[in-house]
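Please have the sequence and the structure at hand while reading.

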Amino acid sequence: MHALRAEAAERLVGLGDARTDVVDAARGANVDDEHDPEGATIAFERAQLEALAADARRRLADVDAALARLDAGTYGTCAVGGEPLAAARLAARPTATTCVRHA
């Protein structure tokens with residue numbers, strides 16, 4: 001679980017660096033998206049990086065919540081029905097909070 005957290009945090013840092021690179025590259029350039037054929041590409045890249053960063057933040061939050069469940073002794077228990085989560089489910093999705101039936 002700690003490895004998943006480290007991976008998500010590293011990804012978030014890398015995406016932040018990539019966004020900074022895109023913004024820096026656009027600085028001083030023609031930013032008239034309507035008339036600059038590259039403008040739309042820069043805006044798309046920025047939006048794509050922000051969506052990926054949002055996904056990485058969600059992943060980080062999911063891992064943190066799973067670590068909190070580990071500490072509380074509730075990890076691996078379905079949040080809806082209270083039954084144990086199948087080992088295969090946890091192997092496929094370590095941050096799962098519900099069994100397959102309740103997902």
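From the N terminus on, the elements of the protein chain follow the order α-α-α. The model is a predicted one, and its protein chain holds three helices and zero strands.

**The chain as a whole**

- The protein chain has 103 residues, of which 23% count as buried.
- Its accessible surface amounts to about 6,700 Å², and carbon and sulfur atoms contribute 56% of that surface.
- Among contacts in the protein chain with a separation of 6 or more, 51% are between residues 24 or more positions apart.

**R69, a buried charge**

- R69 lies in helix 2, which spans residues 39-72.
- The relative accessible area of R69 is 16%, so this residue counts as buried, the limit being under 20%.
- Although buried, R69 has no salt bridge.
- The nearest side chain of opposite charge to R69 is that of D62, at a distance of 7.2 Å.
- Leaving aside residues up to four places away in sequence, R69 touches T74, Y75, T95, A96 and T97.
- One of these residues, T95, is 26 residues from R69 in sequence, and the C-alpha to C-alpha distance between R69 and T95 is 9.6 Å.

**Salt bridges: the count and a link between helices**

- Side chains of opposite charge can pair when their charged atoms come close.
- The count of salt bridges comes to four, including the pairs described here and below.
- D64 forms a salt bridge with R5, with 2.5 Å between the closest N and O atoms.
- This pair links distant parts of the chain, since D64 belongs to helix 2 and R5 to helix 1 (residues 2-26), 59 residues apart.
- Both partners are partly exposed: D64 has a relative accessible area of 32%, and R5 has one of 30%.

- D55 and R58 form a salt bridge in which the closest N and O atoms are 3.7 Å apart.
- Because D55 and R58 are three residues apart in helix 2, about one helical turn separates them.
- D55 is partly exposed, at a relative accessible area of 39%.

- R101 forms a salt bridge with E83, the distance between the closest N and O atoms being 3.8 Å.
- This pair too links distant parts of the chain: R101 is in the segment after helix 3 (87-92), and E83 is in the loop between helix 2 and helix 3, 18 residues apart.
- R101 counts as exposed, at 65% relative accessibility, whereas E83 counts as partly exposed, at 21%.

Key:
Residues numbered from 1 in each chain as written. Predicted model: local features only at pLDDT ≥ 70, side-chain atom pairs only at ≥ 80, totals over all residues. Heavy atoms only, no water. Helix = DSSP H or I, 4+ residues; strand = E, 2+ residues; numbered from the N terminus. Buried < 20%, exposed > 50% of the residue type's maximum accessible area, 1.4 Å probe, protein only. Lys, Arg positive; Asp, Glu negative; His and termini not counted. Contact = heavy atoms within 4.5 Å. Areas by Shrake-Rupley, 256 points an atom, 1.4 Å probe, with all protein chains shown as cover.
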